[in-house]
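Please open the structure in a viewer and keep the selection panel at hand.

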Amino acid sequence: MKHLIIVDEAEKVFHLTNGDISYLLAVEEGGLLAHLYFGKAVKDYHGQRRYPRIDRGFSGNLPDSLERGFSPDTLLREYAGAGEGDYRLPAILVEQANGSQATQFVYDRYEVLAGKPTLEGLPASYVLDDSEAETLVVYLKDAVAGLELALSYTIYADRPVITRSARLDNQSDASIKIEKMASMTVDFPAQALDLISLPGAHVNERHINREALSYGQKRLASRRGTTSHQMNNTMILAQQKTDEFTGEAYGFGLVYSGNHALEIERDQIEQTRVVIGINEEQFSWELTAGAHFQTPEVVMTYSHQGLNALSQAFHSLIRDRVARGKYQHALRPILVNNWEATYFDFDEAKLRPIVDEAKQLGIEMFVLDDGWFGHRDNDDSSLGDWFVDKNKFPNGLNGFADYVHSQGLKFGLWFEPEMISEDSELFRNHPDYRLAVPGRKPSPSRQQFVLDLGREEVREAVLVQVEALLDQGYIDYIKWDMNRHLSDIFSASLPAGRQGEVFHRYTLGLYDMLERLTSKYPDILWEGCSGGGGRFDISFAYYMPQSWTSDNTDVVARLGIQYGTSLVYPPSVMTSHVSAVPNHQTGRITPFNTRGDVAMSGVLGYELDLTKLTEEEKELVKAQVAVYKDIRELVQYGNFTRLKSPFEGNETAWMFTNADKSEILVFTFLVLNSAQQSISQVKLTGLDSDKIYENVETKEIFGGDELEHMGWFEAPADHDFLSRRYHFKAIK
Ligand code: GLA
């Protein structure tokens with residue numbers, strides 16, 4: 001096998017390359033680990049890129065060195081502490097027994113491993129066999145503090161992806177306190193870069209924000225205990241001319257769903273430092289003598305062919321080497337969910353006709369949403385009491401599930417296992433199970449509170465209930481929801497000196513639950529959710545192959561949300577439902593077909609009362625379901641390409657291409673029509689220019705080169721919120 005990691009023993013240069021990308025680092029003067037390069041592959045590195053020596057005032061030098069041109073403050077580095085004369089953002093802060101926060105990590109040794117080791121207790125991208133990747137571990141030591149830092153770098157053989165993480169071993173004989181420990185740092189040489197991030201809000205997730213980086217610091221963070229709707233834990237740095245189709249871009253995604261910080265700093269000489277990891281605010285971790293701490297992973301991608309190629313690298317990694325289990329590559333069932341149909345106002349008698357209708361329309365699964373348990377008739381009660389409400393289901397949940405199954409549909413169920421209501425048996429028995437600071441009243445959000453999942457007995461109290469239901473074997477799907485963020489951070493189980501661990505322990509506890517449940521019930525399809533897309537992150541895809549993209553089902557809003565989400569996440573992760581009009585979030589009235597086309601661009605479902613549809617609408621649903629069954633493999637597992645951005649105008653377009661480019665599906669959307677419209681042109685990309693394609697519907701013939709270079713003119717629009725779907729197949 002060809003090696004992916006080339007080590008120059010004499011110069012201590014490490015070159016990770018797979019023929020597509022190169023990542024180079026080297027041991028510099030004083031044992032500092034320097035960053036050399038990340039970008040398009042070079043075959044061999046001939047040693048020409050030594051960091052220039054320039055004496056800069058107020059950037060100090062190494063101890064015992066007369067070289068004034070070499071400073072930790074300006075060197076391009078791979079990981080830096082504080083107190084060693086690098087005044088830029090540190091990756092690590094450790095309070096030692098003597099109270100000092102200073103560290104000085106210098107090179108000790110390295111090892112190269114075949115494949116990619118798993119990360120203890122944490123989700124991460126993986127390999128199926130060792131030939132897929134190689135991992136470099138560089139060990140740095142701080143002899144005074146007695147600490148060893150292991151920096152891991154994995155390069156995949158056939159992906160423009162590098163993954164990174166760090167582990168700290170306390171080899172001293174005293175406890176230390178980690179105040180900050182990032183997963184990675186990378187320093188980019190001076191250049192103009194744009195930062196692209198995915199900020200948002202509940203019902204307005206992941207819109208694209210692009211800004212030029214300037215001096216000082218920029219920080220994309222969550223302090224909410226979870227990934228959040230407000231700021232996704234992924235970002236892109238791009239050359240200023242980079243667009244969807246051309247130019248260089250670097251992607252970063254933290255594989256974690258707790259508090260994150262993605263920090264970017266432009267230094268005094270226009271170099272850009274990136275530091276990504278667990279948010280250090282309200283974080284500390286006591287590391288006793290002999291113990292170690294493992295950070296989450298960061299996935300880095302690179303493209304020199306624009307943002308689409310960068311996204312496709314993320315998509316393929318998330319789909320193929322992050323997601324796991326039975327549904328990783330399986331066709332996802334078309335579901336109907338009763339949330340927007342009934343909210344809390346339902347019982348079995350009311351739901352049965354929806355199930356009957358779903359069967360008639362070809363829908364494959366019925367999902368029972370919030371309100372089936374305890375005495376939950378509104379959102380004030382019962383979280384924590386995961387037993388069925390017999391008033392709503394006199395025959396038990398199994399009785400209703402049997403009915404759903406007898407109609408030939410799968411049965412799915414909503415849970416919110418991380419939460420507790422004051423009005424619940426769980427709370428009456430265990431008031432200390434929720435996060436609350438002694439002497440203070442915890443703040444409610446949606447009248448609910450957060451369980452202290454860092455505690456094993458708390459997790460157990462929920463798991464026994466969830467497992468009692470799942471053990472009965474009639475549940476085919478679970479929607480795992482989380483409808484508030486963490487506050488009142490204090491754990492009754494931790495001593496005063498360890499309260500800084502609560503946030504991270506929560507996330508580790510959650511992962512422990514998810515690992516146990518997803519491995520114990522491998523046949524269940526799991527869908528992530530947090531008030532829509534509040535927990536859309538790479539780590540969740542490791543446990544759950546799909547997530548509810550947003551509580552906003554309005555098509556105009558969804559164009560932006562799905563477009564932004566696709567910057568990192570593949571369509572197989574994004575669930576998307578056709579809902580009623582006027583839309584429940586925006587009041588907008590849009591055509592049924594357009595709602596179908598937006599929802600069919602991800603994992604399709606319906607979220608409306610099917611019994612209230614007109615006969616004409618029922619025919620439309622039948623047709624959509626039939627079309628989706630035909631295109632579903634292409635949508636869920638094809639290559640997704642963005643063509644026109646809703647953030648740049650009135651039109652949106654995207655396309656799906658199968659592996660051998662013999663099948664193409666294009667969706668175009670127009671938001672507002674105008675009386676004097678310009679003619680819209682659609683051009684495709686990434687086709688086989690030698691193939692001849694036929695429009696399946698109109699039988700029109702196009703060469704691959706024609707579709708790419710000339711495209712076609714869209715027919716004039718005659719109303720607002722218009723969508724169009726074009727399906728091409730290669731005929732030779
Ligand atoms: C969240 C979800 C919704 C629905 C409700 C139920 O908001 O995103 O889809 O399940 O909770 O309370």
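This is a predicted model: local features need pLDDT of at least 70, side-chain atom pairs count only at pLDDT 80 or more; totals for chains, interfaces and linings use all residues.

Residues are numbered from 1 along each chain as its sequence is written, and side-chain values use heavy atoms, with hydrogens and water left out.

**Stop 1: the barrel**

Select β21, β22, β23, β26, β27, β28, β29 and β30: in that order these eight strands close into a barrel with parallel pairing. Strands (E, at least two residues) and helices (H or I, at least four residues) are DSSP runs, numbered from the N terminus, and two strands pair if DSSP finds at least two bridges between them.

Next, select residues 546-548 (β28) and 574-579 (β29), which pair in the parallel sense over two bridges. Which residue of β29 is the bridge partner of W548? The partner is T575.

Then select residues 396-406, helix α4, which lies across β22 (365-368) and β23 (410-415) and runs at about 140° to β23. Contact here means heavy atoms within 4.5 Å.

**Stop 2: the ligand**

Select the ligand and its surroundings: 13 residues surround it, the closest being D369, D370, K479, G532 and D551. A residue is counted as near if one of its heavy atoms lies within 4 Å of the molecule. By class, this shell has four nonpolar, three polar and six charged residues.

- D551, with a side-chain N or O atom 2.5 Å from a ligand oxygen
- K479, where the corresponding distance is 2.7 Å
- R446, with a polar side-chain atom 2.9 Å from a ligand oxygen

Taken alone the ligand exposes 300 Å², of which the protein buries 96%; accessible areas come from the Shrake-Rupley method with a 1.4 Å probe.

**Stop 3: the open sheet**

Select β31, β32, β33, β38, β35 and β36, six strands that form an open, antiparallel sheet in that order. The edge strands, each pairing on one side only, are β31 (639-644) and β36 (701-703). The twist averages 25° from one strand to the next.

Within this sheet, β33 (residues 663-670) and β38 (residues 722-730) pair over eight bridges. F667 has R725 of β38 as its bridge partner.

**Stop 4: two loops**

Select V581 and P582: the peptide bond between them is cis, with omega near -5°. P582 lies in the loop between β29 and α10 (592-600).

Finally, select V203, in the loop between β11 (193-199) and β12 (209-212). Phi of V203 is near 55°, a positive value in a residue other than glycine.

How values were computed
Axes are lines fitted to C-alpha atoms, for helices over the stretch in contact, and angles run from 0 to 180 degrees between N-to-C directions. A polar contact is a pair of N or O atoms within 3.5 Å; within protein, one must be able to donate a hydrogen and the other to accept it, and residues adjacent in sequence count only if both atoms are side-chain atoms. Ala, Val, Leu, Ile, Met, Phe, Trp, Tyr, Cys and Pro count as nonpolar, Asp, Glu, Lys and Arg as charged, and the others, Gly among them, as polar.
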